[in-house]
Amino acid sequence: MDFNRWCVERFSREAGEARGLGRTASPAAIAARGIRQARSADILIFDELGKVRSSPAAIEQLFALIDYRTAHNLVTLWTSNRPPQEFCGAWPEEFAAPSAGRIIEASTILRA
């Protein structure tokens, strides 16, 4: 759910809150930092990958995340109650098949 929130808040124009001697980071800055950290984490655990909102911003960011981590051979553990072909099938055409393909090709899939 954090990922969904970051994708929305990434475009926020809200300023950071005044606190003590300065301001806290804006929601957009916090969201951008979260997405960058997910991208470069040594190990990323993405719970319920199939529940990412099908908004253009979320799908575009998720595709970029998957593509980057796959290209750089970074470990990503993900869970979902549905297979990638199913949850990616609801995404826009330009992201659906490439995302499902990258997830399947780079995964050792275990079924419970």
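Is Cys88 buried or exposed? In this predicted model, Cys88 counts as buried because its relative accessibility is 1%. Cys7 is likewise counted as buried, at 1% relative accessibility.

**Cysteines**

The structure holds zero disulfides. A disulfide is a covalent bond between the sulfur atoms of two cysteines. For Cys88, the closest cysteine sulfur is that of Cys7, 14 Å away, so the two sulfurs are too far apart for a bond. The cut-off for a disulfide is a pair of sulfur atoms within 2.5 Å.

**Gln61**

Gln61 lies in helix H3, which covers residues 56–71. Gln61 is buried, with a relative accessible area of 13%. Leaving aside residues up to four places away in sequence, Gln61 touches Phe3, Cys7, Arg10 and Ile35. Cys7, one of these contacts, is also the cysteine whose sulfur is 14 Å from that of Cys88.

**Aromatic pairs**

Across the whole structure, a search finds four aromatic pairs. Two of them are listed here.

| Pair | Centre to centre | Angle between planes | Type |
|---|---|---|---|
| Phe63 and Phe95 | 5.4 Å | 55° | tilted |
| Trp78 and Phe87 | 6.3 Å | 75° | edge-to-face |

Trp78 and Phe87 form one aromatic cluster together with Trp91.

Technical notes: Residues numbered from 1 in each chain as written. Predicted model: local features only at pLDDT ≥ 70, side-chain atom pairs only at ≥ 80, totals over all residues. Heavy atoms only, no water. Helix = DSSP H or I, 4+ residues; strand = E, 2+ residues; numbered from the N terminus. Buried < 20%, exposed > 50% of the residue type's maximum accessible area, 1.4 Å probe, protein only. Contact = heavy atoms within 4.5 Å. Phe/Tyr/Trp six-rings, centres within 6.5 Å; stacked < 30°, edge-to-face > 60°.
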